[in-house]
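Here is a short briefing to read with the structure open beside you. Take a look at the fold, then follow the points below.

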Amino acid sequence: SDSAIEQIMALAPVIPVIVIDRAEDAVPMAEALVAGGLPVLEVTLRTPAALDAIKAMKSVAGAVVGAGTVLNAKMLDDALDAGAEFIVSPGLTDSLGEAAVAAGIPFLPGVANAANIMAGLDLGLGSFKFFPAATSGGIPALKALAGPFGGVTFCPTGGISAATAPEWLALDPVLCVGGSWVVPSGPLDTARFEALAREAAALARP
Ligand code: 3PG
């Protein structure tokens, strides 16, 4: 049966990677993305507003709210306290991996090579963020990495756009992709977010 993180990855073809500057934008932003068909939301812990945004977004019906850019066990604790339902990291360290596994939280750590994947498998993980996807060799690299690791699934992220997402989603081990293109920075524009989400949600796997 699919792991908890795979069940989240399967909810939508695209996970919006959110960098939020104003916590008061969190609810309307999440409502727009969910309405557009993207229920899985990754709020990156790169801004002071991020933890409050996670708490607020959890009140939006249908939203599955996770924390991204989780770099260490302290940030993991902060994300769990805020109620994050899954955890994304750009990479994988033993200390973060062990803490995430001990917490029992769905965890999607970044990998860019075979050794990273082997470290994750040692921790009992089977799904990874391929990051930064476009500059880590792109689709040929992911295909080559998938060869020795049958059953491992990926969410490629980093340099992916609406134009290139379909090529990634066509790959068997790719359950979804991540990207910030759905939530452009600037003033809150919920109509635009909803339209971008609707376009992204239509990029279903073939
Ligand atoms: C991330 O943290 O996953 C990246 O910042 C997202 O990459 P993108 O901005 O190229 O989509």
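In which sense do strand β4 and β5 pair? Strand β4 (residues 87-89) and β5 pair in the parallel sense, over three bridges; strands count as paired if DSSP finds at least two bridges between them. This is a predicted model, where local features need pLDDT of at least 70, side-chain atom pairs count only at pLDDT 80 or more, and totals for chains, interfaces and linings use all residues. Residues are numbered from 1 along each chain as its sequence is written.

**Around β5**
- Serine 89 has proline 109 of β5 as its bridge partner.
- From β4 the chain passes through helix α5 (residues 94-103) to β5, in a right-handed β-α-β crossover (clockwise from the first strand over the helix to the second, with the strands pointing away from the viewer).
- On β6 (residues 127-130), two parallel bridges link to β5, and lysine 129 partners glycine 110.
- Five of the five residues of β5 (residues 107-111) are buried, meaning 20 or more other C-beta atoms, placed from the backbone, lie within 10 Å of a residue's own.
- Phe107, Pro109 and Val111 sit on one side of β5, and Leu108 and Gly110 on the other.

**Helix α3**
- Six of the eight residues in α3 (residues 50-57) are buried, among them Leu51 and Ile54.

**The ligand**
- Of the 13 residues around the ligand, Val17, Thr157, Gly158, Gly179 and Ser180 come nearest; a residue is near if its C-beta atom, placed from the backbone, lies within 6 Å.

Methods
A residue is buried if 20 or more other C-beta atoms lie within 10 Å of its own, exposed if 12 or fewer, and partly exposed in between; C-beta atoms are placed from the backbone. Helices (H or I, at least four residues) and strands (E, at least two) are DSSP runs, numbered from the N terminus.
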